[in-house]
Amino acid sequence: ATLLQEALADMDPRLKPSRAGILHARLAEYQSEAGDSKAALATYEEASRLVADEPASAEKARVLAGHGSELMRQGQYSASRSLCEQAIAVARAVGARAEEGRALNTLGCDLSGLGDPEAGIATLRQALPISEAAGDFDDIYCVYLNLSTVLGLEAGRPHEAAQVTRQGLERMRMLGVELAVPGRMLRSSLAWLLWDLGRWQEAEELVSEELIRGLPAAWGLSLRLLSGRLHLAHGRLDLASEEGETAARMVEPLDSLSHSCLHAYLAELAMAHADYPSARSAVAKALEHLADSEDQT
């Protein structure tokens with residue numbers, strides 16, 4: 001991020017708006033991965049402004065698709081859908097298949113988040129062969145991750161979701177990134193699906209393996225919350241409380257959806273301790289963090 005900021009400081013965006021837009025989008029991606037979602041969204045907005053009047057190009061499609069992806073991650077599905085549809089049109093106009101696949105991937109999540117999971121699943125299945133053909137392992141892993149999430153969380157098909165996740169893990173193994181972040185994110189998703197399916201021992205084994213390796217807060221929070229729920233399910237309230245404290249330290253720089261997930265967990269923890277006033281307070285805080293989001297989960 002520091003190097004990109006130095007590059008942007010030396011560049012006149014009026015001379016090369018598409019190049020400046022791409023660099024802003026890349027900076028926003030790094031900010032998002034570091035957990036600074038507010039900065040990421042502001043940087044993406046600047047990136048989209050820079051390319052708004054530029055002719056159709058792969059770079060313009062990439063900026064719009066990236067901006068749409070960040071809006072989707074923050075639960076702004078309608079705004080994300082609009083940007084992704086623009087990105088798809090631009091990408092198709094210039095034959096930018098990788099950018100088309102990336103925008104379709106996000107659009108599938110938007111459609112599901114807006115209440116039509118079957119349309120979302122169909123769009124994600126459309127994105128997968130395009131991303132495979134483009135050959136970007138990050139895009140390929142994202143399609144598998146998003147498809148399994150929509151199948152399991154939105155469509156109520158956890159068995160099918162687990163199968164898709166395992167297929168994604170096998171694909172990551174073939175690409176040589178099974179132990180990198182893509183493989184680890186898919187294993188985290190699989191652990192949640194195993195939890196939903198009542199296969200708690202398998203879920204706990206997966207969570208323990210991943211927590212030993214350690215993950216940045218932006219990726220590791222979900223595992224901490226699942227670990228806490230597994231402790232709750234087994235009546236290990238002290239350990240569940242420790243996981244809540246760890247998650248609370250991790251969540252501070254993250255987005256509102258992450259904060260809402262933490263407070264939902266804290267509500268469950270308070271219920272387990274029969275502390276109903278604290279549970280009500282945690283639920284109210286979770287809803288407060290969702291006030292500007294279209295996320296209904």
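Trainee: What should I know about the model before reading its features?

Mentor: This is a predicted model in which local features need pLDDT of at least 70 and side-chain atom pairs count only at pLDDT 80 or more, while totals for chains, interfaces and linings use all residues. Residues are numbered from 1 along each chain as its sequence is written, and side-chain values use heavy atoms, with hydrogens and water left out.

Trainee: At what angle do the axes of helix α2 and helix α3 cross?

Mentor: Two packed helices are described by the angle between their axes and the distance between the axes. Here the axes of α2 (residues 17–33) and α3 (residues 37–51) come within 8 Å and cross at roughly 165°; axes are lines fitted to C-alpha atoms, for helices over the stretch in contact, and angles run from 0 to 180 degrees between N-to-C directions. Helices are DSSP runs (H or I, at least four residues), numbered from the N terminus. The two helices α2 and α3 are therefore roughly antiparallel, a term for angles over 145 degrees.

Trainee: Which residues in α2 and α3 meet?

Mentor: On the α2 side they include P17, H24, L27 and Q31, and on the α3 side they include A39, Y44, E46 and V51, where contact means heavy atoms within 4.5 Å. The residues of this contact of α2 with α3 divide into eleven nonpolar, six polar and two charged; Ala, Val, Leu, Ile, Met, Phe, Trp, Tyr, Cys and Pro count as nonpolar, Asp, Glu, Lys and Arg as charged, and the others, Gly among them, as polar.

Trainee: How many aromatic pairs does the structure hold?

Mentor: A pair of aromatic rings is described by the distance of the centres and the angle of the planes. The structure holds one aromatic pair, formed by W195 and W200, which are stacked at 5.3 Å centre to centre with 20° between the planes. Rings of Phe, Tyr and Trp (its six-membered ring) pair if their centres lie within 6.5 Å, and planes under 30 degrees apart count as stacked.

Trainee: Is W195 buried or exposed?

Mentor: W195 counts as buried because its relative accessibility is 19%, whereas W200, at 32%, counts as partly exposed; buried means under 20% relative accessible area, exposed over 50%, and partly exposed in between (1.4 Å probe, protein chains only).

Trainee: What does L124 touch?

Mentor: L124 lies in helix α7 (residues 117–134) and, at 0% relative accessibility, counts as buried. Not counting residues up to four places away in sequence, L124 touches N105, G108, V143, N146, L147 and V150.

Methods
Parallel < 35°, antiparallel > 145°, perpendicular 65-115°, else oblique. Phe/Tyr/Trp six-rings, centres within 6.5 Å; stacked < 30°, edge-to-face > 60°.
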